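Student: Can we go through this model together? I'd like to start with the overall layout and then look at some residues.

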Amino acid sequence: MQRFKGKLPIIWISIFTLWAKTTFAVFYIFHIHTEDSLQVATILINPLAPLLLLMSLALLFVGKKNAAFIAIAINLAVTLLLYFNIVYYRFFNDFLTIPILLQSNNARDLGISLWKLLEPVDILFFIDIIIAFWLKGRMRAVLLFRPKVGLSLACILFFINLTTAHIDRPELLTRSFDRQMLVRNLGIYNYVVYDVLLHGQTKIRRAAASERDYDELNKHVLSDTPANPAYSSIAKGRNVFVISLESTQSFVVNEYVDEQELTPFLNDLITEKGSYYFDQFYHQTSQGKTSDSEFIIDNSLYGLPRGAVFFTNPQNKYNALPKRVKEAGYTTAVFHANNKSFWNRDVMYPALGYDHFFSEMYYTITKENSVGWGLKDADFFMQSLEYVKKLQQPFYAKFITLTNHFPFALAAKDEIIPEWNSPDGTVNRYFTTVRYQDEALKQFFDAIKASGLYDNSIFIIYGDHYGISKNHNKAMSTFLQKDITAYEYIQLQKVPMLIHVPGLEETKTVSTISGQIDVKPTILNLLGLEQGHIQFGTDLFASNREELIILRDGSFISDTYVYTNNRCYSHRTSMETNMHYCEPFFEHVKEELELSDKIIYGDLLRFAN
Ligand code: GP9
Ligand code: MN
């Protein structure tokens with residue numbers, strides 16, 4: 001033992017071994033994907049700040065004399081935190097979140113298989129702690145570590161981490177809710193802190209709400225316009241296909257680029273018998289993008305002004321459309337060939353009432369059949385249909401496409417029409433991927449017809465949000481041959497909305513001012529189900545609909561006026577007009593958005609009986 005009687009800079013050694021374990025796990029267990037050296041550097045740096053911070057604070061508060069104890073205790077605690085994530089990840093392919101920890105059924109799932117998830121190599125994660133413990137009595141720990149210097153170093157490293165993360169992913173904390181991306185950019189420990197803070201904030205808002213707030217809600221009569229009885233139950237008992245068209249705006253419908261039709265299939269479908277097309281239908285999404293559209297459509301509530309409900313309030317009680325149809329005997333499923341934790345879908349979907357989530361791992365994805373964000377739409381639809389055929393009928397199934405997502409990448413062999421030729425590459429490619437998506441949709445319809453499911457189904461097809469942002473106004477102005485004023489930009493927020501009911505004789509284009517908030521009441525009515533008690537939308541077929549759609553930023557569109565960017569426009573002439581025409585709407589718009597936020601932040605639907 002004599003030769004061990006040396007001095008050991010135990011704090012530094014612990015920081016080093018923890019750092020090594022963490023980066024090992026990130027690369028070889030979590031398989032965090034990196035694309036460039038900046039991302040690799042970010043991963044290498046990001047565990048250091050929290051480790052330095054922890055050690056420094058402990059030394060300051062517990063005392064330098066206990067350095068050996070502090071080093072071992074922190075090493076053990078942090079290793080356990082890492083290790084729980086590793087075990088969880090092996091099973092769920094995802095990182096732990098506080099809501100997950102609190103969800104008893106998740107813990108149960110894990111409990112059953114826990115032993116199977118442990119591997120012999122795992123001992124490596126603890127070996128340094130065992131050695132440190134063994135050496136503790138035999139060696140003298142030296143500090144070589146000044147807590148105050150450690151704190152400053154932690155701050156500097158944290159700042160560097162935030163900077164590299166921001167370069168890689170602007171708006172990381174507000175816009176992106178992909179846990180893989182969060183862990184890649186923040187590191188697993190900062191991510192845990194972030195998750196705890198977010199959870200705390202949600203808890204406080206929820207705790208502050210009471211049953212009285214719910215009763216208060218009742219005073220506001222929501223959805224007071226009755227659904228149209230003529231359309232009630234016309235699709236009763238039928239399967240429902242809800243198809244989300246990624247980044248698809250209405251302006252591409254019935255539009256041509258260099259004499260090439262952009263959406264020939266959709267255009268034909270709109271004129272078929274049994275088709276209802278809503279040509280004044282707006283997306284109402286905000287930072288939550290696709291997930292916002294899903295939330296609005298399923299709940300007839302607004303998304304949140306900041307962040308995504310899918311991420312901030314997945315523990316709420318909802319009375320969502322899938323849950324409602326499930327109660328009526330439907331099987332509910334979502335198909336989306338992306339990582340299941342993306343946008344926290346794996347946690348949110350059960351809360352909305354989806355029984356099955358066919359995520360990335362259900363699909364065969366190869367280099368050949370993927371592009372951009374993943375599986376190509378055509379392959380996505382075909383592979384999904386195999387699962388659909390096995391679902392118990394009637395089913396309510398949602399399909400989320402992906403190919404027409406920025407940066408609108410497509411292999412040359414999938415290009416049905418060439419790119420447009422403006423100086424704006426994004427807009428040029430958009431047309432080509434929109435055309436591709438339309439073709440994929442056509443193939444999906446053909447395959448559904450061949451499967452025999454068609455006649456007993458209805459189809460709800462909508463665009464989730466814009467694909468061409470303000471940054472491309474110049475190219476859009478060339479394309480549409482008009483100035484993209486704030487008014488025109490609002491017009492560009494229209495997305496296609498089509499309801500197709502095979503077997504009906506009627507064909508209609510409905511020009512009521514409408515939005516995603518109206519989808520839930522509409523589907524409920526078509527299926528012959530009772531309207532929800534708390535919902536902000538109105539059946540799209542209702543007569544005497546209030547012609548007003550509110551966007552998340554407070555902009556609104558009525559049949560007569562359009563308000564956006566602090567300007568008031570006449571909807572008839574599209575010219576700017578006196579603000580006093582828009583003013584009478586302000587109070588109502590504000591109240592409606594605030595009421596919806598209150599419901600979500602306060603989790604008020606838990607008080608409904
Ligand atoms: C990816 C899909 C697209 O899963 O939700 O994301 P978006 O950026 O459109 O929200
Ligand atoms: Mn989207």
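Tutor: What follows goes from domains to a helix, a surface patch, salt bridges and a few single residues. This is a predicted model, in which local features need pLDDT of at least 70 and side-chain atom pairs count only at pLDDT 80 or more, while totals for chains, interfaces and linings use all residues. Residues are numbered from 1 along each chain as its sequence is written, chains are lettered from A and ligands numbered from 1 in the order in which they are written, and side-chain values use heavy atoms, with hydrogens and water left out.

Student: Which domains does the assignment give?

Tutor: Domain 1 covers 2-205 and domain 2 covers 229-543; the bounds come from an automatic or database domain assignment. Taken over C-alpha atoms, the centres of domain 1 and domain 2 are 40 Å apart.

Student: How many residues does helix H3 have, and what does it span?

Tutor: H3 runs over residues 48-62, which is 15 residues, and covers 21 Å from first C-alpha to last, close to the 21 Å expected at 1.5 Å a residue. The expected span is 1.5 Å times one less than the number of residues. Helices here are DSSP runs of H or I with at least four residues, strands are runs of E with at least two, and both are numbered from the N terminus.

Student: Which H3 residues are buried, and what do they pack against?

Tutor: Ala 49, Pro 50, Leu 51, Leu 52, Met 55, Ser 56, Ala 58 and Leu 59 are buried. Buried means under 20% relative accessible area, exposed means over 50%, and partly exposed is in between (1.4 Å probe, protein chains only). The buried residues of H3 pack against helices H1 (10-28), H2 (37-45), H4 (67-92), H8 (147-168) and H10 (188-207). Contact means heavy atoms within 4.5 Å.

Student: What comes just after H3?

Tutor: Gly 63, with a positive phi of about 105°.

Student: Changing topic. Which residues make the nonpolar surface patch?

Tutor: Val 121, Ile 123, Leu 124, Ile 127, Ile 130 and Ile 131 make a patch of about 530 Å². Patch residues have over 30% relative accessible area and no salt bridge; nonpolar side chains (Val, Leu, Ile, Met, Phe, Trp, Tyr) are joined within 5 Å, like charges within 9 Å. Areas come from the Shrake-Rupley method with a 1.4 Å probe, and for residues only the protein chains shown count as cover.

Student: Where is Val 121?

Tutor: Val 121 sits in the loop between helix H6 (104-117) and helix H7 (124-136). Its relative accessible area is 42%, so Val 121 counts as partly exposed.

Student: How many salt bridges are there?

Tutor: The count is 24, where a salt bridge is a side-chain nitrogen of Lys or Arg within 4 Å of a carboxyl oxygen of Asp or Glu. One of them joins Arg 90 and Asp 122, at 2.8 Å from N to O. That pair links distant parts of the chain, with Arg 90 in helix H4 and Asp 122 in the loop between H6 and H7, 32 residues apart.

Student: Are those two buried or partly exposed?

Tutor: Arg 90 is partly exposed at 23% relative accessibility, whereas Asp 122 is buried at 4%.

Student: What does Lys 398 pair with?

Tutor: Lys 398 forms a salt bridge with Asp 298, with the closest N and O atoms 3.5 Å apart. Lys 398 is in strand S12 (residues 395-400) and Asp 298 in helix H13, 100 residues apart. Both Lys 398 and Asp 298 are buried.

Student: And what does Lys 376 meet?

Tutor: Asp 414, at 2.7 Å from N to O. Both Lys 376 and Asp 414 are buried. As for networks, salt bridges that share partners join Glu 294, Asp 298, Arg 345 and Lys 398 into one.

Student: What else does Asp 298 touch?

Tutor: Leaving aside neighbours within four places in sequence, its contacts include Ala 320, Leu 321, Pro 322, Tyr 354 and Lys 520. Asp 298 has 1% relative accessibility, so it counts as buried.

Student: Last one: where is Phe 395?

Tutor: Phe 395 is in strand S12 and is buried at 0% relative accessibility. Among its contacts beyond four places in sequence are Arg 238, Phe 241, Tyr 330 and Leu 453.
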